[in-house]
Structure formats: C-alpha cells, structure tokens
Amino acid sequence: MNGEAPRVRVYFAAPLFNPVERAFNEDMARRLQPVADVFLPQRDGALLTKLVAGGQSVHLARRKIFNSDTGAINDCHAVVAVLDGRTIDEGVAFELGYATALGKVCFGYKSDDRVMLPTGDNPMISVACQYSCSSLDALVEAVKAIGSSICNSISILDFERGARTDYPI
C-alpha cells in the first residue's frame, strides 16, 4: 500500500456558461480540493464553445462533452450539484439524475432562496440530493465527512474480499 489514505472522487455539476459562473465553480472546486479529488467539467473536460471554435463540428463536440462528463460521473463516488436559481440548470438536472440512477452520493448546494414552486424545489431534484447545504463551509464539511465514510467503506470491502488495496480508488 502506498501509505496514503484513499480520497473521495467528486463530480462538480454546475452551470458554466459565463465567466462569473466559471469563476464561482473554480473557487468552489478549490475549496473542496483539500477533502476530495474534484472533476470540474470546465477545467477537466471541455467547453462546447471552445471545441466548436477550434474546428470541431457541433455534433462531435456535443458527443465529446457527453462522453467525458458521463464517464467522469461513472468514475466518481459522489456528485456536488449547484442548485442556485429559481430553477435548476438543465445540465445539472441531467447530471444529478444520472448520478442518482448510478447510486452515487449526491450533495445539493443552494445558497439562495429562489424557488419555482411554493413548496420548494422540484421533488425530483430535492429527493435526489441525500445531503443539502446552504453554505460552502457546510458543503466542505459534509463532503469531508461522507467522503471519509465512503473511502473507509471501500477500503474495508476491498480488505474483506482480499482485493488489492495499493491502488487509488
């Protein structure tokens, strides 16, 4: 074994269509980095506008992003979904639903109180998030606690099965 504790892998689902959103995402990913390995699509994947500007067809660029992002969700232990706004971003809604269908742990982050329905967010969104946080500090602490639990469970299962434990999870 390499002596390092396994780290939880987190997919960060958030709107990324303007510089303010991307700066917010970068800041949140940087804050989560001490407690998790974060896949940030705008940094670790690709942006549609950049791929098309670089000469790829829209069809090929869309397919590349879809494959990259769904692959990253497949490989993660958990998803952090930014739910800010009156309604959730449609890409975030898909990523959250996909992760839920795969049985991933989902964290919802919502720092504002805007909602579409008088009863709150759509239940398909709110129920998909096993953990909800309204501050970044609370989110980091929740990911740290749950991530540690996830990694310990995986390490224990590997040990009990007699599997190798000298590789990153």
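Reader: Which residues do ring pairs link into a cluster?
Author: This is a predicted model, in which local features need pLDDT of at least 70 and side-chain atom pairs count only at pLDDT 80 or more, while totals for chains, interfaces and linings use all residues. Residues are numbered from 1 along each chain as its sequence is written, and side-chain values use heavy atoms, leaving out hydrogens and water. Ring pairs link into a cluster F66, F94 and Y98.

Reader: What is the angle between the planes of F66 and F94?
Author: Rings of Phe, Tyr and Trp (its six-membered ring) pair with centres within 6.5 Å, and count as stacked under 30 degrees, edge-to-face over 60 and tilted otherwise; the count comes to five aromatic pairs. F66 and F94 form a tilted pair, 6.0 Å centre to centre, with an angle between the planes of 45°.

Reader: How many residues apart are F66 and F94?
Author: This pair links distant parts of the chain, with F66 in helix α4 (residues 58–75) and F94 in helix α5, helices being DSSP runs of H or I with at least four residues. The separation of F66 and F94 is 28 residues.

Reader: What is the relative accessible area of Y98?
Author: F94 and Y98 form a stacked pair, 5.7 Å centre to centre and 15° between the planes, and because they are four residues apart in helix α5, about one helical turn separates them. F94 is partly exposed at 41%, partly exposed lying between buried (under 20%) and exposed (over 50%), with a 1.4 Å probe and protein chains only. Y98 is also partly exposed, with a relative accessible area of 25%.

Conventions: Helix = DSSP H or I, 4+ residues; strand = E, 2+ residues; numbered from the N terminus.
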